[in-house]
Amino acid sequence: MAQTNPPFMSGVPELLLLRLLAQQEMYGYELVRSIRKVTAEAISLGEGVIYPALHSLERNGSLKSKRKPVGGRTRVYYSLTAKGRRRLKELSEDWRRVQGGVAMALETPGHVQA
Amino acid sequence: MSRPELSRLRARLLRSGVAPRHVKRTVAELDAHFDDLVDEARGTGADRALAERQALEQLGDMDLLADAVCARPELRSWAANYPRIAVIVYPLACLAILPAVPLIAGVANASNLARWIACALLSGIVTATILLVLQLSITLT
């Protein structure tokens, strides 16, 4: 089965989805491929897990969706709303703050006892 | 997608109180995603069985996926989020709508109802005519 990410990854799929959808509208399969590409496969999701994340983001108004028939299949394309852009900004700032804090903790010598 | 997996997921989500519209949509999107994964694997030369097995692995464990959906209260149905209120509101709503049921049924079956009314009127007219003829024949003889 697909590898899952540890619990501290909570919120990361949402951040990545918002970031990618800020550039262009995409459907689920396309989004998973893009996540793999932009993270150089550092983040591996059970691919199905993005759908509840997408539906939640849509439900809280961060995304909107539309159906498009493509090559005999109906695709659900997602795009960012104004609220989604604000949410992306907030999440990005939160992430940078946490990332900076963790990086600082890792680089600080001492305090580690064997 | 492997149909039994999909059916099991659908049943589990509905049992867990996820709103039917979200269940329907999640399953449909997973189905399309599965088809895309199968196409991708077949493009690399895998046979259908292998491609489907790989696609299922890439989609992830269906139980974990169901857990991920169920963990989001915003995707659950109103009745599942507020069961105690639903137990009161649903029966009251049913009682409130009861007087309107004949009207709703009438509107839903308007064409049948129109035919029945036309038949009843026609048979009434025929019966009245026969009775009138009989009455006149008795009176005149």
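Strand 1 (residues 63–70) and strand 2 (residues 73–80) of chain A pair in the antiparallel sense over eight bridges. Pairing requires that DSSP finds at least two bridges between the strands. Helices (H or I, at least four residues) and strands (E, at least two) are DSSP runs, numbered from the N terminus. Within this pair, Lys66(A) has Tyr77(A) of strand 2 as its bridge partner. Two residues lie between the strands of the hairpin, and Gly71(A) takes a positive phi near 55 degrees.

The model is predicted; local features need pLDDT of at least 70, side-chain atom pairs count only at pLDDT 80 or more, and totals for chains, interfaces and linings use all residues. Residues are numbered from 1 along each chain as its sequence is written, while chains are lettered from A and ligands numbered from 1 in the order in which they are written. The predictor assigns the complex an ipTM of 0.78 and a pTM of 0.72. Chain B averages a pLDDT (the predictor's confidence in each residue, from 0 to 100) of 89. In chain B, 98% of the residues score at least 70.

Chain A contains four helices and two strands. Their order from the N terminus is α-α-α-β-β-α. Of its 114 residues, 27% count as buried. A residue is buried if 20 or more other C-beta atoms lie within 10 Å of its own, exposed if 12 or fewer, and partly exposed in between, with C-beta atoms placed from the backbone. Contacts are defined by C-beta atoms, placed from the backbone, within 7 Å. Among contacts in chain A with a separation of 6 or more, 55% join residues 24 or more positions apart.

Val32(A) lies in helix 2 of chain A. Val32(A) counts as buried because it has 24 C-beta neighbours inside 10 Å. Gly46(A) is 14 residues from Val32(A) along the chain, and their C-alpha atoms are separated by 9.5 Å.

Chain B is divided into domain 1 (3–76) and domain 2 (109–140), with bounds from an automatic or database domain assignment. The C-alpha centres of the two domains lie 62 Å apart. Val38(B) is found in helix 2 of chain B. With 20 other C-beta atoms within 10 Å, Val38(B) is buried. Leaving aside neighbours within four places in sequence, Val38(B) is in contact with Ala51(B), Glu52(B) and Ala55(B). Val38(B) and Ala51(B) are 13 residues apart in sequence, but 5.1 Å apart in space, C-alpha to C-alpha.

At the interface, 18 residues of chain A are in contact with 21 residues of chain B. Helix 2 (28–38), helix 3 (50–59) and strand 2 of chain A each supply at least two residues of the chain A side. Helix 3 gives the largest share, five residues. By class, this side has seven nonpolar, seven polar and four charged residues. Ala, Val, Leu, Ile, Met, Phe, Trp, Tyr, Cys and Pro count as nonpolar, Asp, Glu, Lys and Arg as charged, and the others, Gly among them, as polar.

The largest nonpolar core has 36 residues. Such a core is a set of buried Ala, Val, Leu, Ile, Met, Phe, Trp, Tyr and Cys residues joined through C-beta atoms within 7 Å. Leu17(A), Ile50(A), Leu54(A), Leu65(B) and Val69(B) touch the most other members. Both chains contribute: the elements that each supply at least two residues include helix 1 (12–21) of chain A and helix 4 (62–70) of chain B. Leaving aside neighbours within four places in sequence, Val69(B) is in contact with Pro52(A), Leu13(B), Val18(B), Thr26(B) and Leu75(B).

Notes:
Contact = placed C-beta atoms within 7 Å.
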